[in-house]
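Subject: Structure handover

Hello,

Here is the structure for your files. My notes on what was found in it follow below.

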Amino acid sequence: MSALVNNNGHLERSEQVALGLDNRAFLYGDSLFETIKVTNGKVLFWADHFQRLMRGASLLQYDLPTDFKENQLQEQILALVQENALSTARVRLQLFRNAGGRYLPTDNSTSFLISAEKWDIPRYQVNEKGLHVGIYPAGKKDNHPLANFKTGSALIYILAALHAKKNGWDDALILNHEGRIMEATASNIFLVKGTHIHTPPLNDGPVAGILRKQVFSLALEAGYGISSGPVTEENLQAADELWLTNTMQGIRWVEKYGSKTYQAAVASRFCKLLEDFSQKSS
């Protein structure tokens, strides 16, 4: 059976949704999206997702539909997940500027599309097998204000993921134009040294991750020091632990970067804290 999607507030079969050849997301990557975890009738960290989406829409000068409201959208997400008979889902909420114009749009009116697919991991739990990562050296990501949002311009992530696969890695770390390490292909990164946790700053160009924000809160509550600042290969070599974080998978520990190996004790503790925190938060 085909899945249902929400097309501008209306439920439709996925195969019935028509996006024309003049669609600006297709032609120019003129789009913005959120990837959201829904489990047991709960949209995790919804307020944070909505606020980031609104900041991105403002930066892109989108004129949003009048009914594009936080509470209404949350209800529509939950209804879509229920209609597709999913208990845990990966939801994609995408905004895109309506057709018209070339690089200069004819107007800034905006449409949205919500889709949901089955996600098999309802709880945040530490990965049993540590990840193997390396650096993608061929491309650099701009540390422009747009870099902090999830947009339709994702070629750097695609090429980095292909590079990781070619080298037998689980993921690749991405550099900015200053040569600093800022994120992985679909995750923020954190380094742990003793009782201190460190992550690249937003002005270095990583996505302003929803889990990134939660880790800051958890670290402060748990009595860990936490900071943001430049990350170089020297920092990777000095760290006790290296994490990749995103909303869907939570905190994943890296076992190996080159000849460097990492531990997982703090990652394991924080996964438990994150799971407890996610059950209390909306």
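Alanine 85 sits in the loop between helix H3 (70-83) and strand S5 (88-97). Please keep in mind throughout that this is a predicted model. Alanine 85 has a positive phi of about 55 degrees, although it is not a glycine. Is this residue buried or exposed? Alanine 85 is exposed, with a relative accessible area of 70%.

Asparagine 40 is another non-glycine residue with a positive phi, here about 50 degrees. Its loop runs between strand S3 (31-39) and strand S4 (42-43). Asparagine 40 is exposed, and its relative accessible area is 64%.

Next, the sheet. Six strands form an open sheet in the order S2-S1-S6-S5-S3-S4, and the pairing is antiparallel. Strand S2 (10-13) and S4 stand at the edges with a single partner strand each, so one side of each has no neighbour in the sheet.

Within that order, S3 and S5 run antiparallel and are joined by nine bridges.

S1 pairs on both sides. With S2, the pairing is antiparallel over four bridges, and valine 5 stands opposite glutamate 12 in S2. The hairpin of S1 and S2 has two residues between the strands, and asparagine 8 in this hairpin takes a positive phi near 55 degrees. With strand S6 (residues 110-118), S1 pairs in the antiparallel sense over two bridges. There, asparagine 7 stands opposite leucine 113 in S6.

In a regular strand, side chains alternate between the two faces of the sheet. In strand S1 (residues 4-7), both faces are covered. Leu4 and Asn6 are buried on one side, and Val5 and Asn7 are buried on the other.

Last, a helix pair. The axes of helix H5 (residues 210-221) and helix H7 (residues 265-280) come within 11 Å and cross at roughly 105 degrees. H5 and H7 are therefore roughly perpendicular to each other. Which residues meet in this contact of H5 with H7? From H5 they are Leu211, Gln214, Val215, Leu218 and Ala219, and from H7 they are Phe270, Leu273, Leu274 and Phe277. Eight of the residues in the contact are nonpolar, one is polar and none is charged.

Regards

Note on methods: Residues numbered from 1 in each chain as written. Predicted model: local features only at pLDDT ≥ 70, side-chain atom pairs only at ≥ 80, totals over all residues. Heavy atoms only, no water. Axes fitted to C-alpha atoms, helices over the stretch in contact; angles between N-to-C directions. Parallel < 35°, antiparallel > 145°, perpendicular 65-115°, else oblique. Contact = heavy atoms within 4.5 Å. Nonpolar A, V, L, I, M, F, W, Y, C, P; charged D, E, K, R; others polar. Buried < 20%, exposed > 50% of the residue type's maximum accessible area, 1.4 Å probe, protein only. Pairing = 2+ DSSP bridges.
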